[in-house]
Amino acid sequence: MKSTALITCLLLLCSCTPEIWEDRSGCPSWFSLDFSKVDPNIKQLHIWFTDSDSGEMLLVDTVYSSQYDNNYEVELPRMDNLKCFVWGNINSNTILTEENSLNTSLRKKDGMSSDSLYFYGSKHINTRKEFVFDTVRLNKEFATVDFIMKGRPQKRDDIHIEVESTTPGQYIDRRFLQGTAYIAVDDKVNLEGNSLFRFRLNRQERLEDLVVKILGTVEGIPVEIDRFPLGEFLKKSNYTMTTIDLKDVTVTLDLSFNFITIKIEDWSTTYPVDIEI
């Protein structure tokens, strides 16, 4: 009986002992970003963390390709809706304007081709947990355009092109900037007797607004010879700016027969065009 009573007392004492739990709700969450899917040819990544509800900027940082082998780890406040935005290859052709908010923008320098930009935006992330993980998978935000002029009279060696658009860049959350932009393509390559003009085009909100102007010189003064709506021809060819990764495109303007051919990957379409040089 005595031993039974002793055991009963010990059990009662244990049941009355409070469990001790550490309250870590006020402590930051440990956030880890995996860069293993990032092409090492992308030299650097700019990273922004924001509060999705308030738009408050929580952290801004830059990571370089030599660091991609290791996870990026940082302490962040605990919240329900955090977002992470990553842009790759922001270089000399991009004007980065920090606003300490989602209005931070990437604007293409006028006259220049787009940088070879890449983007990743996370879904809403809940950092109420102790540890949170995410993997960066970048999307291609530019298209390389090869613009070939065939049958161009050799007496017009002064010819070059200028590309006009209505999307000068984007905000860090991928919203489009409004305004005008242009790319002056002066450098050309002789391609089997034809002229190749190459430029990089940033993602456009309104593809149909994209226009190519053909320029020459008269007595040393640049003049516009003709223009044509490249964006409209691209749309006719089912080219779209809403794909995850923008596709490169080859545009061939045949001045001998007044045709334009749009080639996207392995297929192409040809249209008549009214243009003279």
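1. A quick word on terms before we start: buried means under 20% relative accessible area, exposed means over 50%, and partly exposed is in between, using a 1.4 Å probe and protein chains only. By that rule Phe228 is buried, with a relative accessible area of 3%.

2. Please keep in mind that this is a predicted model, in which local features need pLDDT of at least 70 and side-chain atom pairs count only at pLDDT 80 or more, while totals for chains, interfaces and linings use all residues. Residues are numbered from 1 along each chain as its sequence is written, and side-chain values use heavy atoms, with hydrogens and water left out.

3. Back to Phe228, which sits in strand β18, residues 221–228 (strands are DSSP runs of E, at least two residues, and helices are runs of H or I, at least four, numbered from the N terminus). Leaving aside residues up to four places away in sequence, Phe228 touches Phe147, Val211, Val212, Ile214, Phe233, Leu253, Ile260 and Ile275 (contact means heavy atoms within 4.5 Å). Asp274 is 46 residues from Phe228 in sequence, yet their C-alpha atoms are 8.6 Å apart.

4. The structure holds 16 salt bridges (a side-chain nitrogen of Lys or Arg within 4 Å of a carboxyl oxygen of Asp or Glu). One of them joins Asp173 and Arg175, with the closest N and O atoms 2.9 Å apart. Asp173 is partly exposed at 22% relative accessibility, and Arg175 is partly exposed at 36%.

5. Glu208 and Lys235 form another salt bridge, their closest N and O atoms being 3.5 Å apart. Glu208 belongs to the loop between β16 (194–202) and β17 (211–218) and Lys235 to helix α2 (residues 230–236), so this pair ties together parts 27 residues apart in sequence. Both ends are partly exposed: Glu208 has a relative accessible area of 27% and Lys235 one of 43%.

6. Glu224 is partly exposed at 38%, whereas Lys213 is buried at 11%. Both belong to a network of salt bridges that links Glu162, Glu164, Lys213, Glu224 and Arg227.

7. On a 1 Å grid over the protein atoms alone, a cavity is a set of points where a 1.4 Å probe fits but cannot get out, and a pocket is an open set with protein on both sides within 12 Å along at least five of seven lines; lining residues have an atom within 4 Å of a point. The largest pocket contains about 180 Å³ of space. Of its 14 lining residues, Ala184, Val185, Asp186, Asp187 and Arg198 lie nearest the centre. The largest share of this lining, 4 residues, comes from β16.

8. There are 2 cavities of 30 Å³ or more. The largest has a volume of about 100 Å³, and of the 14 residues lining this cavity, Leu106, Ser114, Leu117, Gly169 and Asn202 lie nearest its centre. Strand β7 gives the most to this lining, with 3 residues.

9. The second largest cavity has a volume of about 40 Å³. Its lining includes Glu164, Tyr182 and Asn202, and the elements giving two or more residues are β12 (160–165), β14 and β16.

Key:
Points joined across faces, edges and corners; volume = space filled by probe spheres on them.
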